[in-house]
Structure formats: C-alpha cells, structure tokens
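Subject: Structure for you to look at

Hello,

I am passing on the structure we spoke about. My notes on it come after the structure itself.

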Amino acid sequence: MRVMKFISLAVILIMVSAFIAAQQAPAQGSTTVKHVPITNTPSNSGKEMFNSYCAVCHGKDGQGKGPAASAMKTPPTDLAGLAKNSGKYPAAHVAAVLRGQAITPSHGSQDMPIWGPLFSSISQGHEGQVQQRVTNLVTYIESLQAK
C-alpha cells in the first residue's frame, strides 16, 4: 500500500513538473520579430526597397506570407491583391500609408513601422528623396498586382 502511494505521488510530481516545464518553454515553431535599424537601400529601386523593407512580412510576391508574418499580431496585408476589389490599384492610399497619413491595422504598431519618418531619417530630411522612395515603392507594389 505504501509503495502504491509512493508511486502515485512520484507520477503526480513528474506530471506537474512536465506541465510547468511545458508552460515555461517557448512553443515550438513560434517566431518573434526582431527589430533592426533601417538600412539605406537605394531610393531609385522600388524592388530593392521592397525586398529590404517589406518582403520580410509581406513576402517577395507581396501576398502577405513573408518569413516574419507568422509572428505578427495582425496578418500582413496581401499587397498583390490591392486592386482586386475595386479593379484599380489604390496608389494614393498606398503612398499615404507609407508616409503615415493613412492608418492600417498593422502600420504604426509595434509590428509594422510607419516608413515615412524612417525614409526621412535615412535621407537626412531631404523631402525629394523621401518622395522618390515612396513613389518607387508604390510603383513596384503596383507591378505585383495579380492580373
């Protein structure tokens, strides 16, 4: 009888320990977004900027399935499908979102930066270069639209 009590107690302790360890261990497959300083990618290439700044979340094809997408609280927008609903690519809205003049669920949160001020910082405040960055990025995203 004593042996049964001892075994039962040991099993219960092992189960509780395993439960506690499982709660403290990070879930396998969970990812976190590592925030890194912005790099100065050339402003004349929308594709290079997209690959440097956007593809990690939105994917190289713009469909919202980049390597960091699973770690975000709000899923990244399918940028390749922006023209799908209305039949027209919303270039002015995309530019406004990039500049922080229009808010979307993830832009401006901890997950997604507002690019306008960041572009200004790497352009040393030169508004012409910021505009070139936004325009080239907007044009490249337009090229990703599903046909």
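This is a predicted model: local features need pLDDT of at least 70, side-chain atom pairs count only at pLDDT 80 or more; totals for chains, interfaces and linings use all residues.

Residues are numbered from 1 along each chain as its sequence is written, and side-chain values use heavy atoms, with hydrogens and water left out.

Overall. The protein has five helices and zero strands, in the order α-α-α-α-α from the N terminus. Helices here are DSSP runs (H or I, at least four residues), strands likewise (E, at least two), numbered from the N terminus. Of its 147 residues, 33% are buried, where buried means under 20% relative accessible area with a 1.4 Å probe, protein chains only. The accessible surface is about 9600 Å², and carbon and sulfur atoms account for 61% of that; the areas come from the Shrake-Rupley method with a 1.4 Å probe. Taking contacts (heavy atoms within 4.5 Å) between residues at least 6 apart in sequence, 48% join residues at least 24 apart.

The core. A nonpolar core is a set of buried Ala, Val, Leu, Ile, Met, Phe, Trp, Tyr and Cys residues joined through side-chain atoms within 4.5 Å. The largest one holds 20 residues, and F50, Y53, L98, F119, L137 and I141 touch the most other members. At least two residues each come from α2 (46–58), α3 (91–99), α4 (115–122) and α5 (127–143), with α5 giving the largest share, six residues. Beyond its neighbours within four places in sequence, L137 contacts G46, M49, F50, C54, L98 and F119.

Helix α3. Its buried residues are V94, A96, V97 and L98, and their cover includes α4 and α5. Just after α3, G100 has a positive phi of about 90°.

R133. This residue lies in α5. R133 is buried but forms no salt bridge, and the nearest side chain of opposite charge is E48, 9.0 Å away. A salt bridge would need a side-chain nitrogen of Lys or Arg within 4 Å of a carboxyl oxygen of Asp or Glu; for charge, Lys and Arg count as positive and Asp and Glu as negative, with His and the chain ends not counted. The R133 side chain does reach the backbone oxygen of T41, at 2.7 Å. Outside four places in sequence, R133 is in contact with N40, T41, P42, S43, M49, Y53, F119, I122 and S123.

Regards

Conventions. Buried means under 20% relative accessible area, exposed over 50%, partly exposed in between (1.4 Å probe, protein chains only). A polar contact is a pair of N or O atoms within 3.5 Å; within protein, one must be able to donate a hydrogen and the other to accept it, and residues adjacent in sequence count only if both atoms are side-chain atoms.
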